[in-house]
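Here's a quick briefing on charge pairs and one hairpin. Have a look at the chain first.

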Amino acid sequence: MQTSTTYIALRARWFSILAATLVGGIVASSVTLATERVYEATSEIFVAQQGGTSSAELLQSSAYVMDRMDSYAQTMNSGLVLQAVIDDLDLDTTVPDLSSDISTLVVEETVVIEITARSDDSAEAMELANAVAARFQEVSASLDPQRADGSSVIEATVIQSATQPGRPASPRPFLNLFLGLLVGSAVGVSYALIRRVADRRVRTEAEVQELLATPILAHVPLDEAACDPGDLFESAVCSESIRQLRTGLQFLTLPRGGRSFVITSARRDDGRTAIALSLAAAQANAGHRVCYVEADLRHPSAAQRLGLAETMGLTDVLVGVADLDSVTVRSRHGFDVILAGSAPPNPADLLARESTLPVIRELETTYDVVILDTPPLIPATEGAILSQMCTGTLFVIRVDRRATTRREVGQSAAALENSGAPLLGVIFNYCSTTSYQRAQRHALPSIRTPNRTAPTESPPTHHDTHSLQVQ
């Protein structure tokens with residue numbers, strides 16, 4: 001996974017990472033509070049062999065003691081020593097139970113043994129460590145053969161008495177809290193990365209470039225409220241991005257002749273119609289002669305959105321029962337509209353007729369900009385059919401929680417490629433506000449593609465000045 005992709009994944013799941021980190025800290029704190037406090041106290045014993053004056057005798061004595069150090073340490077944790085400790089301190093326990101609270105350690109390469117006692121009481125831990133050391137000091141003389149004069153071969157000396165610990169050895173609150181936060185954040189990051197790997201939705205420009213190799217013309221933060229009838233052109237958040245889309249189209253290198261654009265998407269709920277109507281309004285607001293053609297004959301919705309009466313439309317023109325002038329109506333937003341018209345039983349076959357291309361060419365002659373709103377590419381073929389007849393295609397990709405998947409984008413791209421339709425660019429729809437603001441800061445590089453020409457002067461419009469202002 002690339003660094004940029006990783007950053008995007010972590011940024012998108014920052015709340016989950018934060019929540020997992022806090023949960024880890026809470027769990028660690030709860031375990032710490034529920035864990036019984038244990039104190040540790042340590043005493044040290046030095047074991048040496050008595051006697052010997054020459055270097056050879058001292059070396060031999062040292063080797064003898066070193067060989068037996070593990071045995072001495074084990075003896076300290078045996079009943080020989082611990083039973084006496086129980087009796088001396090009047091403890092209500094047994095040797096096996098006390099043995100689990102006593103540990104011994106031979107310091108490497110020395111004749112020193114560390115005795116560590118654990119207890120839930122700091123004073124008792126100190127007493128246990130010192131009692132074990134004292135009792136071993138008493139019994140150590142009987143562990144080895146005595147000399148002829150009755151003296152002991154070894155001598156155990158307490159070189160460090162245990163002191164009362166000031167804080168428990170377990171639990172360690174700060175360490176536990178740190179580990180809890182660390183584990184929680186690791187779980188959160190892992191969750192975010194796994195979700196990113198498993199997520200097949202298209203979210204970034206890099207993914208679009210990988211799949212389509214086409215520029216991103218606009219980022220539209222279109223909310224649901226802006227899609228209601230009567231409110232479509234009142235959304236301030238989408239108007240600026242639609243103007244950017246309009247500008248982006250001017251800078252694209254287009255074939256000579258008409259400027260007819262198919263606006264399509266992979267699925268029905270990608271906001272294709274809202275984008276098409278908004279672009280038509282923005283183009284009309286710039287003084288262009290614009291015609292919006294509702295080419296989605298399966299699920300027409302433009303009449304409801306624009307507050308127009310259901311009349312004859314594109315279907316009636318294609319079957320020859322009406323002409324373009326009779327089915328063209330003016331919207332209150334300053335552009336002409338050709339509705340879908342009567343519902344045909346075979347929309348794809350109807351649009352594939354030879355009569356469709358002359359209709360588009362006539363519209364290109366009459367208007368500066370023709371926008372065809374087609375059905376989505378995956379469930380229907382009309383979009384691909386009309387795309388090869390027009391100047392170019394604009395592909396709408398949804399990038400919110402219900403984002404278009406990589407598979408859907410790939411299938412749509414294949415449909416356009418198989419039909420030979422030119423794909424001009426991509427429109428990101430339903431962007432988050434943060435993503436939209438970031439896109440705004442980089443709008444100029446993203447709109448101006450390498451292949452561009454200066455915008456051409458549009459012919460004078462014959463329409464009266466309209467009151468629509470797309471802000």
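Predicted model: local features only at pLDDT ≥ 70, side-chain atom pairs only at ≥ 80, totals over all residues.

Buried here means under 20% relative accessible area, exposed means over 50%, and partly exposed is in between (1.4 Å probe, protein chains only). Residues are numbered from 1 along each chain as its sequence is written, and side-chain values use heavy atoms, with hydrogens and water left out.

**Salt bridges**

- A salt bridge is a side-chain nitrogen of Lys or Arg within 4 Å of a carboxyl oxygen of Asp or Glu, and the count comes to 14.
- Arg-268 pairs with Asp-296, with the closest N and O atoms 2.7 Å apart; the two sit in separate loops, so they tie together parts 28 residues apart in sequence.
- Within that pair, Arg-268 is partly exposed at 36%, while Asp-296 is buried at 2%.
- Arg-289 and Asp-368 form another salt bridge, at 3.0 Å between the closest N and O atoms, and they are 79 residues apart.
- Both Arg-289 and Asp-368 are buried.
- Arg-398 has its own partner in Asp-400, at 2.9 Å between the closest N and O atoms.
- Arg-267, Asp-269, Asp-270 and Glu-408 are linked in a salt-bridge network.

**The hairpin**

- Strands are DSSP runs (E, at least two residues), numbered from the N terminus, and two of them pair if DSSP finds at least two bridges between them.
- Strand 2 (residues 102-106) and strand 3 (residues 112-119) run antiparallel, joined by 5 bridges, and Ile-102 has Ala-117 as its bridge partner.
- Between these strands lie 5 residues, and Glu-109 takes a positive phi near 60° in this hairpin.

Key: Helix = DSSP H or I, 4+ residues; strand = E, 2+ residues; numbered from the N terminus.
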